[in-house]
Each structure stands twice: as structure tokens, then as C-alpha cells.
Amino acid sequence: MIVVVHLGHFDGQWLLWGEGPVDEVKTTRGRNRKVKKQKAGPLPYDAAKNLARVLEAAGMADSRRTIENETTVVWLPTTAGHPLGSSLIVSQRPTDLGNLELAAWKVSTINLPTREVVDFLTSCLGQRTLAPGIILGSDIQYWIQVLRFAGSLAARGKFLPGISKKQNYYAVWEPLITGDDLGTLKALADAMPGVCRALTFADTLPSAASPLAVLSEVIGELTDTMVRAAAGKIDEKNFDSIHDRWLYALKAPSGELEGPKAELKQFFTQVKEWQRKLFLLEGAPFRLCFRLEEPEQEGVDRWSVNYLLQASDDPSLVMPVKEAWQARGLKTVIFKERNVSVPELVLTALGQAAGLCPMIESSLKTKIPDGYQLDTTAAYEFLTEKAPILEQAGYIIQVPSWWTKKGTGLKLAASARVSSPMCPASAGLSLDKVIAFDWEISVGGEPLSWEELENLARIKSKLVKLKGQWVEVDAANIQAILKNYKNGSKMTARDLVRLSMGAQPAPGDLEFGGVKANGWLAELMDKLTGRVPWQEESLPLGLKGKLRQYQLRGYSWLRFISLWGFGACLADDMGLGKTVQTLALIQKYREEGETHPVLLICPTSLVGNWQREAARFTPDLPVVIHHGAGRSRKHSTFQKEVKGRGMVISSYSLLYRDFKLFNSIDWAGVILDEAQNIKNASTKQAQAARALGAAYKIALTGTPVENNVGDLWSLLEFLNPGLLGNQASFKRNFFIPIQVNRDMMASDKLKRLTSPFILRRLKTDKSIISDLPEKLEMKVFCTLTKEQATLYAAVIKEVEDALEEVEGMQRHGLVLTTLIKLKQICNHPAQFMQDGSATTGRSGKLARLTEMCEEILSVDERALIFTQFVEMGEMLKQHLIEHFGREVLFLHGGLAKKERDRLVELFQNDQGPPFFILSIKAGGTGLNLTRANHVFHFDRWWNPAVENQATDRAFRIGQNQNVQVHKFICAGTVEEKIDQMIEGKKEVAGRVIGTGEGWMTKLSTSELKEIWALSREAVGD
């Protein structure tokens, strides 16, 4: 069941509702009825029965709570009596939208309190689907952004206690939106989807509140809910005054204020007046600035904080307060045009700021308050304490250029100088040897002597003018440096490399100025950082096939990183050949005398693919498949089985279950294919992967890891343990600053740390695309699940008995029927049984298609998916919609030409759906689908000419992308054996091309048994 979930806000209430595809919703008046214009008729797409499932998927199901749907009115774009669905997932859109109007429809809703809305939106963060088939609408994605904004206000303390009046009086926490937050508020209001304001309680169209009004109310509710939840324990209900009752109510769940009406009314007025003064400056045409200026004379410890006014509509218009206060002539026009009384504005602004900074309060005693004087100690206090508070309150702060936007000044920097690195006898061992080096402390690039540092250690001030520059210093840190680092330090070469990238702190938490080295260590660091290119490696003699230039560079990079004992992530786009580059590396080490095997872990759906690619490219590499029910389970048996082998292939499903077996082997390397499978660091398979030891580790993934900051820790912890710190420090230093605060400095540091170990190449790179053929065909070998294998074997047994008893046309029909059954089983058990059962986890082909489609989506590409079965096309459409929450098109022979043309036009559109499923007969000719750069043959027609015709729907005139063709084959089944016959150009291949599949009816019973036989390797689990 599919539901597109929506969340609306109206009249202080949050209402959850949803749309279901019209053919899944039973309506009393028929699926395609034409609805006469009426007041609030029932919404044809109402997904009332699925709303409880939505809350369950969000982790909000509660057995103690009875979920009751209520009926609400939703105003939707409507044409010819039909409401438009929010997407093609819900309903097809008519081609003529000329008579579009808003109409009222009744829809089932669930009323959610704001605290549950916060929980619900939090569970939806970063997702397009909440669970299979539960798709989040555009309004929910929008409310998530609003929640993040409200959360940032709460986290930064940008709120005030207040009071509101509805029928009764309530204590509330109100957001304080000033400065840059005002711009964010406006941008959010401009971006609000109309569906956010579509709900009402009446079937006559009301005058809708403006987006800004709705947004302001929502942010107020969300802020109040989050601050109230964090307010802590509620005090005892023992009040001496209305202020005590107010403070109690600010923590209480309801917030309702109790007391005599007259007293509450008076208190309401007092609070609003207090707030009025605080909010007065928000809309003022001028903002107050505080500018810190350095001492003008050497040796005179006199800093100054000067007051200025800056025009809100023209930031370049800045005037000292004293000059504005005494404005004469033309200058008075500036303030008259903006209707400003300078004394009133300045005194009001300074009066508010005085509570944040006592020195400002003292300046108010002067006739014209235009600033105050302070010493170096107080200047440092202003920079580190007062300025951030004033800026948060909405004032403009101007500080000297040497004090950065991050709120820190020029600091001492530490550099590590390696004076005489030893030359490595063996690269792999050298990084674990200890090297002596010296610390060099500098300021602004100028080195300091230890004597100068000793003098600094005796100075108590936090700000010191050193070599003509003001520097932020910490005497305690300097004393620690003098004590521990004056006589040099020792560290392994590996840790020095990590230090050079900023993975380890410099002494005393000083700014880090890098590692200054020479010889091999400098060369290594230069190559890791990309300042010097790594050299191309010679290919192994046993590699069958030629690498493209970019593949040769990728293989050489893997070789360079692994030789030094580091872990490497090869993150090439799908189809660029990560497999062959990796096999070349394994073969190279093998030819150089490596006797220990490599453990390769991949999804179950790829076990057969790796086995065949190894046989194709590195036929001399001895491979063991550790998978399935017949795999070795005893340590002694397993160790004998893998001894002398080059590669052991297993799956993620066994990584944890058979960890003790894997951990008993000395692996030359551990390689994870589709390494995004360990992105969740807390899973057992991710923990098992990190616990495995090996001389080198490699991760392969086509997912753009640089876009998934939260997933990087687990991946890099597997490759290079400790590089990004522990998980808590990674969250503190990188994830929150980058994902929440958009901190570019944290992002740049993370890139410096990770980029040496991640090689990402896209098909769109000029150096890559020129090296690719226009059409790249590849076979994708998939394994069967146990269920598929059982059904397959049962069909074979049944037909073998029947073949002995039939002949002529009966035998002909039996063979063709059996062939169709086997194809259906290889596709999916539900297609064979035609029972409408669930699809996930039951088909190796479908699992692999889902993985590849996820990768296609991650890089914003599109695909055609061909199948010869209409029922399989419907299953694929349903599965992909449920899994990705995206619109999926399906073209088959039952569609009229007008509908076919409409689907083609939709797909070719710039904003069209990413996946287009086609039956091979209906979609094999006459279509121009150049928006796709991937073509999948989910099941094979076994006629190259027909398949090529289908492929050419994408690979034709007008195509400006390289096209990748993926032909799915179930390994060890009839699909692989017939493919081998066609590829082998045997005599029967000509008949296949000419007559389709009828040639099989002419084979003998023994030949049929051989082709149909199920190999042991076919079963993936």
C-alpha cells in the first residue's frame, strides 16, 4: 500500500493526512467518475486507513492511544471535477489544465499535538520515504526545514519568556528573530508550498493567512515546545506571586496561567510592555554598531569601543553616534526621511544592551553616549564574551581584521620539523618506525625562539602584541609546551603523516602549521595530498584485458595507498570499472609473492558477479566462494579451504555470523564492495568489518560519499582507524558543524583529512568521458534466493517427469511453458505464483536492481528498465515507488497511443521521473528516450537484435550522454547457459536470433535437462 503523507497547520492545529493511488482507494462512486461541482465532496485519494501505519512507521504507535480520524476540508487544484494528486504516484494529470480552480474536498486527518509533530518531523529527517510505500510530501520536507530553523533559535538561546491570550492566558516561550535570522525567515516564507496552507474547517474558501503569518505562528509553537521540553524539572506548585505562577507555567506541559482575571490581565499588559521595548529595534531603520579599535599609540594600553549607527536599508551608510546626534544641515535629511529620532533610538538600544555589558551602562551617564575606553584585558573580554552576546541580541559588531569571524584572533602556530628522516628499507614497514622531530612555534609565519616563548609564559594578558601583530595567547599552554616539547618529540612516521593532515592535535592546542620534512617522508605527504602525482604502476602479467587510462590511474592509486598500509576508498561512478581495477591490484600482489588470501565482502546479489569477473579478468587467481548452506563452518575446514587461495568471496549477511572464521585468517587485504552497507556504524556487520585485521583495506562504492557526512565516520574508521577521532568527537567536530551550522571551515578540514584516501571519478569528468565508449554493455550476474531456488527445482522435477510422456505439439507447448515459468522464478517468486505477495527480500535480481537504482538516483541520472512481462513491470513499478518515493512510469502494449505519448513526454522533461519501465514489445521500437543514460534488461529476450532495438531507445540521435547497458542474468540457471550459447556463437545461436525461443522445443530431453539444470552456485543464500 502506497501513501503520500502530508502535514498541514491551521488555526493552531497540526493535521496529518495522506493520499493513496486512486486504484488503491475504494470509492463508492467509481474510479473514474466525473464529479459535479459540489461543496466539499470526499477526496478520491483519501488514505484514511494508512494514517495509523504512518505513525507506526514514525515510532509513534502507542497501544494506550486510540487513533481516531477526523474529517477536515482541504482545498486542492481541481479540473473538470477531479482534484489533482500531488504527484504521478497518486494520479495521472490531465493534459489540459486550462480550467484549473481551487475546490473543497473532505479528507481524513489525525490531530497531532506540537510535541508529537516535533517527534514526527525528527523521524523524517534526511528521508524521502518513512518506510516502504510511505512517501513524504513536499510539505513535510518543508516543515523539516522550519523545524531546523526553530531548533537553531532554541539552541542559540534566541527566545524570550512571554504570555499569550486565547480563551485563557498561557505562558509561552517566544522566538527572538533578529539580524540574519530575519532573512532566513523571509526566505522560508517565500518557499512555503501551497499545500501547507490547504486545510480549513469550512467548505467555503476563507481568506488564507499569508505564508509569513503561518510560518511565524508555526515557529512560535515549535520553539515553545522545544524550549519547554528542555526547561528541566517543574518546581513544586507553591506560589507567592503571579511571577512564580508564570515561571511554573513556562515549564508545565500546558502552560496555562491560573489566577484572578484582573490580575492576569494586568500582568499580560506588563509582559507585553517589557517585550515591546525588546522588539522595538527589530523594525528600526538604523541598527546600533559597536566597533572595537586598537590603541593608537605604542605603549599606551587604551582601547576603545565606539558606537555607530548603520542604515538597515543601506549597510554602507554608517555614522558615529556623536555625529548623528549632532547632525546638522544635509545630514538631518538622512534621519528625517526615515522618521528617526536619534536620541530616542540610541538610548533605547543602549538601554537594552546595558543589561548585557556593564561598561555600556556606565557610558549612558555621559551627555552624548558615543562609546567607552578599556584596557587590553577588558578588550579581550569584549572580544570573547561581550561581542558574541551583543551580536546574538541583534547588534552589529565590528572588530579588528586579525580577529576572525570564528571569534578567535591570530594565534601561535606549531609546526613539526623532521630534521633527518631515515630512508625506508620497505615502504610498508617504514610508517611504523619511530622518528625524532622538533616543534617549531611561530606567529603569522614568523618563528619564535624558546626564549621568546619563556617571556610570553610570564605574561598574564590573553592578548599580546608580538612582532607588530596582536596575538591571542594562553600562558598555561605555553608553559606546558616549554615543559614537554622544548627538547623535541618522537612519533611514528604514520602518526606524523596523520599529524600533517590535521588528524592529531598540535601541542597545547595551538594552530597547526603543518609538517616540514624532506626526503621520502616529504614525497609521501606530497603524493597523499595531491601536490605531486603518484606514478603509474605496471599491470600484472596475469590480467586478461586492457585497462582504460583512468582505470590504470585508479589501479595505480590503489597500489600506492595500499603499499603504505593505508586504507583506500575507490568511489568511481557506476560502470567505470571498480571491479577490474581491484582485481588487477590483487593479481599484482599475488604475482609479487603474496601468499595470504584477500577477503572480499559484497552484497549477496553480487557474489556471482565477482566470481565471473575474476574468472574473466584474472583466470589464474584461485577463488573460493564462502556462501550458502554448504559453506565451511569449522575453523579447521575453513583454514584448509582458503590456504593458498588468492581471494575469498563472501557476503555482508555472513560478515557478522561467520566473523570468528574470518578473524582466524591472516588476510592480505579486506575489500568491501558496495561499502555503503557499513555506513551505519552501530550495525553488527559494520562492527565486524572494523574488527577485521589486514595488511590493507579497500572500500568500493559508487555513492558520492562526500555528500553523506554522517556516513563518513564508519567508512573511514574501517579504512584508517582513528583518522576522524571517535564517533562522539566526529559528531561534535564535523557532523553538527557541517550539517547543522554549514560550517565551511569544518567542511574544509574534513575534506583535507579524507580526500587523500578517497578517489572519486564521475562519468561527466572530461578526462573520463573521452576515455569511455558511447555505449558500454555489461552483464550483471545475480544469485537466487532460497525461495527462488526451491521453486526452480520443483518446476524442473515436474517437467522432467512430464517430458517422457508427451510429444509433438504437446511437448512443444510444455517446453515453452516451462521456459516462461523458469524466467518468472528468476525474476521474482511473486510473479511466478501471481499471488500479489510482498516483493522485498525475495529476489536476487530485484535486490541488485534496487541497489543500482539507488546509485543512479544519488548522482541524478535516469534509467530505462525493460521486461517482457507486463505483470513484472507492474511489480517493478510498485516496488520502486515504495522504496524510493519517486514517480515511476510504465509503458506497455495495453496503453493507447495518446497515453504512450504522454509518458514519453513526461520522461523527456527536465524534471521527469528517474525510472521508465517498458515492456520490450511495446517499448522496443519507435521511441526517443534520450534522457536516460542507463538501460536495464531485467529479463532477457534471448534475441540480440530485439535487445539492441530496445537499447537504442536511449542510444540514438539526440543522446549527449554515454549510455550504460546492464543485462541481468541469474547465475547457474537457464539464463546463464543460454547466454553462454549465444556468446559462444554456436550453431544454435543463429536460430535463436532468427526465431526467438522456439528453438528450444527441438532440443532433446537430455539437452534440455542440461540447459535447465540448477547449479549449486546459483543460490545466493
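How many bridges join strand 4 to strand 5 (residues 82–83), and do the two strands run parallel or antiparallel? Two bridges join them, and the strands run antiparallel. The legends below describe close-up views of a predicted model.

**View 1. Strand 4 and the hairpin it forms with strand 5.** Strand 4 covers residues 70–79, and seven of its ten residues are buried, so the rest of the structure largely encloses this strand. Within the antiparallel pairing of strand 4 with strand 5, Thr78 stands opposite Pro83. Two residues lie between the two strands of the hairpin. In the turn, Ala80 has a positive phi of about 50°.

View 2. Pro77 has Leu102 of strand 6 as its bridge partner.

**View 3. The aromatic pair Phe936 and Phe968.** The structure contains 24 aromatic pairs. In the pair formed by Phe936 and Phe968, the ring centres are 5.8 Å apart and the planes meet at 85°; an angle over 60 degrees counts as edge-to-face, so this pair is edge-to-face. Phe936 belongs to strand 35 (residues 934–937) and Phe968 to strand 36 (residues 963–970), so the pair links distant parts of the chain, 32 residues apart. Phe936 and Phe968 are both buried.

**View 4. The aromatic pair Phe938 and Phe968.** Phe968 also pairs with Phe938, with ring centres 6.0 Å apart and planes at 40°, so this pair is tilted. Phe938 is in the loop between strand 35 and helix 36 (944–951), while Phe968 is in strand 36; the pair therefore ties together parts that are 30 residues apart in sequence. Both residues, Phe938 and Phe968, are buried.

**View 5. An aromatic cluster.** Five residues are shown: Trp303, Tyr380, Trp402, Trp403 and Trp470. Together they form one aromatic cluster.

**View 6. Charged ends of arginines over aromatic rings.** Arg494 has its charged end over the ring of Phe566, at 5.5 Å from the ring centre. The charged end of Arg553 sits over the ring of Trp534, and the distance to the centre of that ring is 4.8 Å.

Conventions
Residues are numbered from 1 along each chain as its sequence is written. This is a predicted model: local features need pLDDT of at least 70, side-chain atom pairs count only at pLDDT 80 or more; totals for chains, interfaces and linings use all residues. Side-chain values use heavy atoms; hydrogens and water are left out. Buried means under 20% relative accessible area, exposed over 50%, partly exposed in between (1.4 Å probe, protein chains only). Helices (H or I, at least four residues) and strands (E, at least two) are DSSP runs, numbered from the N terminus. Two strands pair if DSSP finds at least two bridges between them. Rings of Phe, Tyr and Trp (its six-membered ring) pair if their centres lie within 6.5 Å; planes under 30 degrees apart count as stacked, over 60 as edge-to-face and the rest as tilted. A charge sits over a ring if NZ of Lys or CZ of Arg is within 6 Å of the ring centre and within 35 degrees of the ring normal.
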